[in-house]
Amino acid sequence: MDRRPRLAKVTPLLRQKSPLSVTAQLLIRLGILFALLSFIVLVHWIERDAFVDNVDGELSFADAIYFTMISATTTGYGDIVPVTERARLFDALVVTPARIFFIFILAGTAYSFVIKRSWDKWLMRRIQKTLENHIVVAGYGTSGKEAVDELIARGEDPTKILVIDQDGEALAHAERLGCIVLQADATRDATMEEVRLREAATMIISAGRDDTSILICLTARHLCPNLPISLAVRAEDNEFPARAAGATSVINPTSFAGLLLAGSAHGMGIADYLADLASANGRVRLHERTIEKFEVGKPLKEVAIGLGVRILREGQAIGFWEEGAQELQAGDKIIEIIPGFAFPPCN
């Protein structure tokens, strides 16, 4: 019989950087306090006949402010007391709970650990319910960070990028960029469900270890058979297993570096141009899109936006020099070279 203690199940929580600064959050809290105190003062003033002032027998507006502040912070001194049932119910059901609320608001530790955490949890659950067409990035090491930086440089909204990693410091960096983050194990089905992978637009995997990346890919693929998945591997031998695991695109950073080095050996211009094509900051870049209706029937060289170099048709790649490139067909996707400053919408 297994006598090991069972660990409590911890549900991972999505996080996202608050759009409000610390100063703004403080002003909001103070505004809530002022509004609540003003409401209580107003009620006490309107219902002033329901109170007895044991000092001078009359309840002035200043007395209403005084009684509100004393009642909201302490139990009172007895110099002013409610004498009607309605006034006593108001103090019991509104002022007393408000006093407790003030303590939570003013106490920074209580705010951080109780109110703020509850608010963050509610907010992230709300974001999670509406999360769709987002980009899931599994692994936020060197390659993952570069991928996220490049996506943002290409105009992607950081709030549509969801980063999964088990390193809290790495996730803090992604959170500062405005990304949604989740500290969890990306190889688990529960994590994929938590990030609403079925509603995602695409997934990028760069876990740092090829075996871990491939396992993440297997987990994602069995949940989402049609999701585009890009996976980075370090060893060339793992490119085939990665494709067998369901990766749509397999990237080998080492091989790409080798291409740049080989290109530079035949001319520095070749290496520079390849780097331009791969970066959002280059003078030119590659762009993939579905052709427009008016482009059907035209040759690849007459595409409307950039310089067409390849057609993606029913799983096959057709070069600009091949016969199939002489007539575009409905549903074709093309890869074209466009100026680096142009950012047409991606399809």
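Are Phe-320 and Trp-321 buried or exposed? Both residues are exposed, where exposed means over 50% relative accessible area, buried under 20%, and partly exposed in between (1.4 Å probe, protein chains only).

1. Basis of the note. This is a predicted model, in which local features need pLDDT of at least 70 and side-chain atom pairs count only at pLDDT 80 or more, while totals for chains, interfaces and linings use all residues. Residues are numbered from 1 along each chain as its sequence is written, and side-chain values use heavy atoms, with hydrogens and water left out.

2. Overall make-up. The protein chain has eleven helices and 13 strands; helices (H or I, at least four residues) and strands (E, at least two) are DSSP runs numbered from the N terminus. Of the 347 residues in the protein chain, 36% are buried. The accessible surface of the protein chain is about 21000 Å², and carbon and sulfur atoms hold 59% of it; the areas come from the Shrake-Rupley method with a 1.4 Å probe, and for residues only the protein chains shown count as cover. Contacts (heavy atoms within 4.5 Å) between residues at least 6 apart in sequence join residues at least 24 apart in 62% of cases.

3. Aromatic pairs. Rings of Phe, Tyr and Trp (its six-membered ring) pair if their centres lie within 6.5 Å; planes under 30 degrees apart count as stacked, over 60 as edge-to-face and the rest as tilted. By this rule there are two aromatic pairs. The rings of Trp-45 and Phe-61 have centres 5.5 Å apart and planes at 90 degrees, so this pair is edge-to-face. The pair links distant parts of the chain, with Trp-45 in helix α1 (residues 22-46) and Phe-61 in helix α2 (residues 61-73), 16 residues apart. Trp-45 is partly exposed at 27% relative accessible area, and Phe-61 is partly exposed at 42%. Phe-320 and Trp-321 also form an edge-to-face pair, at 5.3 Å centre to centre and 90 degrees between the planes.

4. A charge over a ring. Arg-48 lies over the face of Trp-45, 4.0 Å from the ring centre. The criterion is NZ of Lys or CZ of Arg within 6 Å of the ring centre and within 35 degrees of the ring normal.

5. Gly-57 lies in the loop between β2 (51-53) and α2. Gly-57 is exposed, with a relative accessible area of 56%. The C-alpha atoms of Gly-57 and Ile-80 are separated by 9.3 Å, and the two residues are 23 apart along the chain.

6. The four-stranded sheet. An open sheet is formed by four strands in the order β10-β13-β11-β12, with antiparallel pairing; two strands pair if DSSP finds at least two bridges between them. The edges are β10 (284-290) and β12 (316-319), each with a single partner strand, so one side of each has no neighbour in the sheet. From one strand to the next the twist averages 25 degrees.

7. Pairing within the sheet. Seven bridges join β10 to β13 (residues 333-339), and Leu-286 has Ile-337 as its bridge partner in β13. Ile-337 also stands opposite Leu-307; β11 (residues 307-313) and β13 pair over five bridges. Four bridges join β11 and β12, with Ala-317 in β12 as the bridge partner of Leu-312. The hairpin of β11 and β12 has two residues between the strands, and Glu-314 in this hairpin takes a positive phi near 50 degrees.

Conventions:
Axes fitted to C-alpha atoms, helices over the stretch in contact; angles between N-to-C directions.
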